[in-house]
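User: Hi! Could you walk me through this one?
Analyst: Happy to, here it is.
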Amino acid sequence: MISPIVMGILLGGLYALIAMGLSMVFGVMRMINLAHGDLVILGSYLSFALLANFGLDPIVSLVITVPLLSGLGFFIQRFLLRRAADISDEAPLIIAFGIALILQNAIQIVTDPQSRGISTAYSMASFSVGPFQFPVIYLMNFVAALVVMALFSIFLKKTYLGRAIAAASQNKKAAQLMGINTKNIHSAAFAIAMISAAIAGAFLDDIPVPTNIGYSIFDNCFRCGDHRRSGQPVRDLSGGGDTWSGADPVRIFFRIRRPDAFRLFSHFSGAYRET
Amino acid sequence: MTKLTYEHIALISIVVLLVVLPLVTAVPQSWTLYVFIFCVYLSMSCMWNLIAGYAGLISLCQPAFLGLAGYTLALGTWIGVPWWAGLVGGAVVAGIFAVLIAFAVFRLSGVYFAIGTLVVPEVLRSLFILWRPVGGSMTGGGAGYMIKNISGVGINETYWLALVIAVISIIIFRAVLSSNLGLGLAAIRDNQQAAASCGINTFRLKLYPFVIGAMITGLVGAVYYIHQGFIEPTRTFNVSWTMAILLSTVIGGMRTKGGAMLGAMVYVFLYFAMARYGGYSLLIQGVILITILLISPRGLLGIFNKFSFYRSFVLFMDRPVLGK
């Protein structure tokens, strides 16, 4: 009984990391990035390809995948989403649908639709706490997620860009009045969300991942986050701990009655009153 | 009563042609299947165009309606309900479900409404993976259910059913647009507060197209599952249905009268023309979706509208045949 709980908490760290990127995009751009899970999978497969072809360890391969994915994110925001946002409210959502379709199938064409796990030196290792055994990779995922989230918290509080992102997500108009170029902030936020996606993808590699899991990752993580504000990564962590067994979406049903989910919904109605 | 226009004559003759299509032996059997799938997507995207395009409710829970109706049909046939009663019952269940969730999701607006509806099919999928109301442990749950006692219903019968539903959905769509309801919906879409302050009951007005859309989607979904012969939760409550509906509406042209028709045609063409290439088909659909949306937010019809011969064609089609 203890073992699955601990494993759930450890895996939840990874989900929280993914949810943070999702939450960042939603908080700043008010857009549901349906393609986020697929972008994470893209990062994951890039790392896999680097390992399979060049023998790079997934953690080392971050040096390549992080700039690649954040560049892609910047491109997507700049040339697709920004134009879509001018068209109508629902257009960015439809674009995200399209990106998800393209990514998911492109990955399936390039590789093949079977799931795969990576065998690195540490992927089969385990450690024991008392009578319980845990895989080392789960602990690594968790620690990496914590570190990345701590770094993001510092980034959001201490740097100009981070504070501008937080400002733009809290009140776009006020941020504009303070001289923040919110359009550039949107691109930056998307690129940063992609950095977290690349990192999460690399750590996801140690768990066998089929190509079409992107949507369900999105879905699980979407329910993890408190999307009121980006820049509060710890909130995302508290909602994490999902695994992708089929029964999970039932949880939203129960989450509605939980206080944090109630906050989410009261926020929805609050935003509705604002508009 | 509106006048009979050339457009009506064209549509009626197309419908008559489609009705006799399966009876003509020279026509290959596969055409029946193409038109059947076309009718299924046409009804769904027609209703989605009404809900999302005209009423401004980006509903992403259409799979919930068609799945619930399909499950009502399937479970009904297991306890001896005839399939036609299952169809009607499925539509009613989908409608009731739409009313129930409306109380929750209508409190949200814009992109929040989309989020609120997106999770509904996910919840239902989990529910139906766990729930086995009839049959032994070998059926139900993730394995899904056969639809029993449909030996008398062949491809021709489901074809005609889908055709009738598609025609009904187009009639409802046009009737709503030319009615006070359509005007009220446009008012709500443009500014809900202003509409409410003009004395429009926004909740009730939004509820009508939502429930009508749910019922038609459910009905045609149940017909689709008669054709398929079985139902299982993972592919039923799947976001791919939402994508298909979205694609055919957006490609044809959201917020246009004929958009759903054109879009469903293009979608079914792509679906079958590239079925052999598997993943490439969906990849190209994604590219088309993004390209069309960015080039022309009103879809293919928006592009056509830039050409003068198309505009004069539309004017000609709108002209009444008899009288002035």
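Analyst: Helices (H or I, at least four residues) and strands (E, at least two) are DSSP runs, numbered from the N terminus. Chain B has 15 helices and two strands. This is a predicted model, where local features need pLDDT of at least 70, side-chain atom pairs count only at pLDDT 80 or more, and totals for chains, interfaces and linings use all residues. Residues are numbered from 1 along each chain as its sequence is written, while chains are lettered from A and ligands numbered from 1 in the order in which they are written.
User: How compact is chain B?
Analyst: Its radius of gyration, over C-alpha atoms, is 20 Å, close to the 20 Å from the globule rule (2.2 Å times the number of residues to the power 0.38) for 324 residues, so chain B is as compact as a globular protein of that length. The C-alpha trace spans about 65 × 55 × 40 Å along its principal axes.
User: Switching topic, how do helix 2 and helix 9 of chain B pack?
Analyst: Helix 2 (residues 29–54) and helix 9 (residues 202–228) of chain B pack at about 165°, with axes 9 Å apart. Axes are lines fitted to C-alpha atoms over the stretch in contact, and angles run from 0 to 180 degrees between N-to-C directions. The two helices of chain B are therefore roughly antiparallel (over 145 degrees).
User: Which residues of helix 2 of chain B make the contact?
Analyst: Among them are B:F36, B:V40 and B:W48, and helix 9 of chain B contributes residues including B:F210, B:I216 and B:Y224; contact puts C-beta atoms, placed from the backbone, within 7 Å.

Methods
Angles under 35 degrees count as roughly parallel, over 145 as roughly antiparallel, 65 to 115 as roughly perpendicular and the rest as oblique. Two residues are in contact if their C-beta atoms, placed from the backbone, lie within 7 Å.
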